[in-house]
Amino acid sequence: MIEINGLRKVFDNGFEALKSVDFSIEEGELVCLLGPSGCGKTTILNLIAGLLDPTAGTIVRNGESMVEKHPKDRNIGFVFQNYALYPHMTVLENVMFPLTVGKKKMPKDEAEKIARKFMELTSIEDLDNKKPATMSGGQQQRVAITRALVQNPSVLLLDEPLSNLDARLRLQIREEIRKLVKDVGITTVFVTHDQEEALSISDKIVLMDEGVIQQHDDPQNLYLEPNNLFVAKFIGNPVINILPITVEGNKIVSKHFEFERSNLKTDRFKTELKDGTYLLGVRPEDVLVVDKDSLFDVSVRSVELIGRDRIVNFDLGDIKTKSIVKIENEINENDQIKCDFNYERVFIFEETGERVY
């Protein structure tokens with residue numbers, strides 16, 4: 001297990017990249033560090049690897065401090081965003097390289113045997129005599145991962161490893177990475193800013209913003225039970241609808257609708273819902289198109305087809321709002337539709353972002 005406690009990093013220019021970060025990674029777990037650019041996720045990766053020193057805090061693995069160890073003694077494999085392959089070496093030579101240098105230097109024939117075993121595992125054995133410049137991005141990525149795994153590291157770190165690949169190849173390689181690290185049983189930390197990538201590949205996600213962990217949870221829980229407004233808005237595509245509301249006694253009121261507080265399930269309240277102004281969050285699939293007894297009626301601005309579904313776009317005043325309906329639901333531009341909410345799946349946030357319901 002890797003335990004990170006009170007981890008803080010302030011750079012020489014005064015920028016505080018991490019603000020007392022705490023989380024743990026179970027043995028064999030694949031954890032994604034997710035968040036917008038500049039949120040601190042790559043800084044955490046570099047601190048684990050020893051490429052940076054923390055300003056404060058600890059990183060402990062199986063009871064031993066990693067911070068006090070030299071980077072070469074941490075038994076970590078690192079896959080960089082740009083692959084970092086040696087251009088003058090063949091694939092086989094690139095993969096063998098970590099085995100032929102340093103204290104663990106081994107005979108060339110033994111290093112080649114181990115390298116070829118891992119090349120078979122990642123399906124690049126037929127590329128052994130090729131050089132990086134002659135290969136596709138996906139092939140280079142496999143080589144970079146194989147070179148990291150050949151050292152038999154206890155922890156594998158991947159920094160935005162798929163960002164240079166096209167969409168179809170990204171999908172394929174991320175599935176391969178998931179299967180590979182699970183087959184090998186290696187503890188893996190994967191940095192990405194792509195929520196779809198993180199949701200599909202990880203056991204747990206650490207979602208960050210401005211050097212602070214917003215939620216560390218199962219992928220599904222980040223979507224179904226966001227801790228706060230940032231999480232709700234960051235996770236989900238199309239993005240969640242956010243509508244200003246006012247709580248007035250037993251009524252929840254907007255400029256465009258109102259409903260009874262009793263529509264809400266009492267066991268989902270996080271704190272007391274007092275009278276005042278809030279933000280209502282409703283995911284597009286929970287904005288329901290109904291035949292009667294509507295909460296509000298609107299005119300459809302546009303419709304997008306996405307596979308089995310339609311995204312129905314409309315305006316509530318000056319707020320652009322979305323509903324997702326099945327493709328069979330024949331809704332077209334300029335149609336008048338009736339809408340309601342799935343009240344069991346709405347969220348209510350303080351204007352500061354804290355979740356109330």
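This is a predicted model: local features need pLDDT of at least 70, side-chain atom pairs count only at pLDDT 80 or more; totals for chains, interfaces and linings use all residues.

Biologist: How much space lies in the largest pocket, in Å³?

Modeller: Here's the general idea: rolling a probe the size of a water molecule over the atoms shows where empty space is left. For the largest pocket, that space comes to about 860 Å³.

Biologist: Which residues of its lining are closest to the centre of the largest pocket?

Modeller: The lining of the largest pocket counts 25 residues. Closest to the centre are Pro-71, Lys-72, Ile-76, Pro-98 and Gln-151.

Biologist: Which element gives the largest share of the lining of the largest pocket?

Modeller: Two elements, β6 (76–79) and α4 (137–149), each supply at least two lining residues. The largest share is three residues, and the element behind it is α4.

Biologist: Let's zoom out. How many helices and strands are in the secondary structure of the protein?

Modeller: The protein has 357 residues, 48% of them counted as buried, and its C-alpha trace spans about 80 × 45 × 35 Å along the principal axes. Among contacts between residues at least 6 apart in sequence, 67% join residues at least 24 apart. The secondary structure comes to eight helices and 20 strands.

Biologist: Which residues touch the most other members of the largest nonpolar core?

Modeller: In soluble globular proteins, nonpolar side chains tend to be buried together. Here the largest nonpolar core holds 43 residues, and those touching the most other members are Val-91, Val-95, Leu-156, Ile-177, Phe-190 and Leu-207.

Biologist: And which element gives the most to this core?

Modeller: A second, separate core of 29 residues includes Leu-264, Val-282, Leu-295 and Tyr-357, but you're asking about the core of 43 residues. With five residues, the element that gives the most to that core is α4.

Biologist: Is Val-31 buried or exposed?

Modeller: Val-31 sits in strand β3 (residues 30–34). Leaving aside neighbours within four places in sequence, Val-31 is in contact with Ile-25, Thr-188, Val-189, Phe-190, Lys-204 and Val-206. Its relative accessible area is 0%, and the cut-off is under 20%, so Val-31 counts as buried.

Biologist: How far apart in space are Val-31 and Ile-201, C-alpha to C-alpha?

Modeller: In sequence, Val-31 and Ile-201 are 170 residues apart. In space, C-alpha to C-alpha, the distance is 8.6 Å.

Biologist: Which residue's backbone oxygen lies 2.5 Å from a polar atom of the side chain of Ser-202?

Modeller: Ser-202 is in the loop between α6 (195–201) and β9 (204–209), and with a relative accessible area of 9% it is buried. Not counting residues up to four places away in sequence, Ser-202 touches Leu-30, Cys-32, Arg-178 and Pro-219. The backbone oxygen 2.5 Å from a polar atom of its side chain belongs to Ala-198.

Biologist: Last one: why does Val-67 count as partly exposed?

Modeller: Val-67 lies in the loop between β5 (64–65) and β6. Leaving aside neighbours within four places in sequence, Val-67 is in contact with Pro-54, Ile-59 and Arg-74. Buried means under 20% and exposed means over 50%, so Val-67 is partly exposed because its relative accessible area is 27%.

Methods: Residues are numbered from 1 along each chain as its sequence is written. Side-chain values use heavy atoms; hydrogens and water are left out. Helices (H or I, at least four residues) and strands (E, at least two) are DSSP runs, numbered from the N terminus. Buried means under 20% relative accessible area, exposed over 50%, partly exposed in between (1.4 Å probe, protein chains only). A polar contact is a pair of N or O atoms within 3.5 Å; within protein, one must be able to donate a hydrogen and the other to accept it, and residues adjacent in sequence count only if both atoms are side-chain atoms. Contact means heavy atoms within 4.5 Å. On a 1 Å grid over the protein atoms alone, a cavity is a set of points where a 1.4 Å probe fits but cannot get out, and a pocket is an open set with protein on both sides within 12 Å along at least five of seven lines; lining residues have an atom within 4 Å of a point. Grid points are joined across faces, edges and corners, and a volume is the space filled by probe spheres set on the points. A nonpolar core is a set of buried Ala, Val, Leu, Ile, Met, Phe, Trp, Tyr and Cys residues joined through side-chain atoms within 4.5 Å.
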